[in-house]
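Dear colleague,

Please find the structure below, together with some notes on what turned up in it. I would be glad if you could read the notes with the model open beside them.

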Amino acid sequence: MSTFRFTRDHEWVRLDGDLAIVGITDYAQSQLGDVVYVELPEIGHRVAKGKEAAVVESVKAASEVYAPVSGEVAEINEALTADPAKVNADPMGEGWFIKLRLDDPKELDSLMDEEGYKRFIEEQC
Amino acid sequence: MTLAATAAPLKRTPLHSLHLALGAKMVAFAGYEMPLQYPSGILNEHLHTRAQAGLFDVSHMGQLRLGGGDALNALEALVPGDLLALASLHLRYTLLLNEEGGILDDLMVTRLDGGLFLVVNAARREADLAHLRTRLGRSTTIELLEDQALLALQGAAAATVLSSFCEGIARLGFMTARETTLAGYKCLVTRSGYTGEDGFEISLPAAGAAAVAEMLLARPEVRPIGLGARDSLRLEAGLCLYGHDIDETTTPIEAALAWTIGSRRRAEGGFPGAAVVLRQLSEGAPRARVGIRPDGRAPAREDTPVVNTAGEKIGRVTSGGFGPSTGGPIAMGYVDRRHAPAGTPLALLVRGTARPAQVVRLPFVPHRYYRG
């Protein structure tokens with residue numbers, strides 16, 4: 001079973017074979033409100049850990065989605081273009097943003113696990 | 001943990017506890033703690049308002065009464081609108097102008113027996129009061145109604161809903177007022193609003209605000225609506241937000257608000273900035289407020305640069321976002337007047353990339369004001 005890892009910016013990442021799937025957490029989508037637009041990078045684009053990988057927009061504002069790990073964009077979730085509301089409806093599943101070919105799987109180790117992230121958001125409120 | 005800087009505590013409207021009880025997400029706006037949205041979210045609140053009825057707490061806005069025998073003449077000297085022709089229990093949208101013809105505020109003026117009732121923007125209340133106190137003259141009294149709430153009931157079902165509490169209100173003419181009673185409280189109801197839909201604004205004592213709000217919310221057609229949807233509704237309706245689409249640097253002509261200038265005022269002048277405004281009326285203004293529709297899906301927000309097809313900067317977005325009823329991104333902004341005609345192609349610089357767009361006529365969603 002693939003485990004979720006989390007960033008302090010409320011992105012999640014999990015391994016699926018040799019690709020890392022990236023999305024935003026349920027907490028993030030509830031803070032954002034209704035998502036109306038998602039801007040995804042091009043396939044082949046390189047992202048660096050901690051740097052902007054995508055943009056997610058609510059009615060009120062645009063927010064950056066940061067890459068939790070470094071790598072090359074292998075797939076993007078085109079379904080979000082037609083139906084950005086998927087990010088709200090299923091943020092941890094069908095609302096995924098990009099799949100990355102990882103530069104260094106060890107980058108995952110420094111991210112929070114599910115328990116750690118739960119505690120982290122409890123501290124936020 | 002970050003502590004806020006020593007800012008003054010936020011003011012609360014009379015419906016503050018109700019908003020919390022309804023699960024509102026609160027935000028700071030014009031020095032007030034206001035509901036941004038309720039649990040249903042901005043999109044649903046917006047769509048519900050057009051389809052049925054939305055109840056808005058707009059008690060943060062400034063409500064003023066002007067009295068004394070000369071209030072009408074005195075106020076008319078400060079605005080470009082024809083106030084002398086305003087009949088009793090009628091209201092008008094108008095603008096306070098400065099000596100350069102720039103807009104100090106936009107407001108609603110209702111003529112009542114013995115005086116005028118004004119509703120001004122929350123963020124401009126202090127500035128407007130100072131301006132009026134300086135310019136109105138001693139014989140006009142100015143009273144800020146500090147213990148008064150203001151609710152807005154807007155949408156296709158607003159008249160049906162209000163009729164169940166107020167006999168005959170469905171036939172109240174657009175931009176007219178009626179003094180009535182709701183839940184036992186004396187109210188001034190006007191047929192007006194900020195959504196482009198049919199609707200009413202209800203001014204009443206703060207003590208009665210919760211009772212009236214709860215009475216209206218008990219109707220199945222009515223849902224509470226926050227500032228987030230208020231903004232998307234007015235943007236779709238092509239209505240200005242002071243401090244964004246209009247400010248002290250914009251004249252009524254540039255702002256596409258020439259319609260607020262009465263024909264007698266065009267002939268006579270006699271309002272601040274008349275020379276500038278009347279010259280712009282006859283010769284045109286260098287820039288114009290227009291509707292802008294991006295061709296793609298990316299919203300373009302306030303301050304987005306607008307460029308022509310050659311990539312030269314020709315303006316900026318002053319309000320922009322997503323239109324839930326239009327299903328796509330929409331914006332308003334100012335462009336150099338040569339690029340103002342509807343259909344003019346332009347581009348919006350969003351995150352460093354030029355996104356194609358075009359000038360479109362306002363409003364984005366047709367108005368549905370009550371025309372009897």
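B:Leu55 stands opposite B:Leu153 in E9(B), where strands are DSSP runs (E, at least two residues), numbered from the N terminus. This is a predicted model, in which local features need pLDDT of at least 70 and side-chain atom pairs count only at pLDDT 80 or more, while totals for chains, interfaces and linings use all residues. Residues are numbered from 1 along each chain as its sequence is written, and chains are lettered from A and ligands numbered from 1 in the order in which they are written.

Strand E3 (residues 53–57) of chain B is joined by four bridges to E9 (residues 148–154) of chain B, running antiparallel, and by four bridges to E13 (residues 222–225) of chain B, running parallel; two strands pair if DSSP finds at least two bridges between them. In the latter pairing, B:Phe56 stands opposite B:Ile225.

Five of the five residues of E3(B) are buried, that is, 20 or more other C-beta atoms, placed from the backbone, lie within 10 Å of their own. B:Ala53, B:Leu55 and B:Asp57 point one way, and B:Gly54 and B:Phe56 the other. In a regular strand the side chains alternate between the two faces of the sheet.

The contact between the chains (C-beta atoms, placed from the backbone, within 7 Å) takes 11 residues from chain A and 13 residues from chain B. On the side of chain A, strands E4 (35–39) and E6 (52–58) each give two or more residues, with the largest share, three residues, coming from E4(A).

With best regards

Technical notes:
Contact = placed C-beta atoms within 7 Å. Buried ≥ 20, exposed ≤ 12 C-beta atoms within 10 Å, placed from the backbone.
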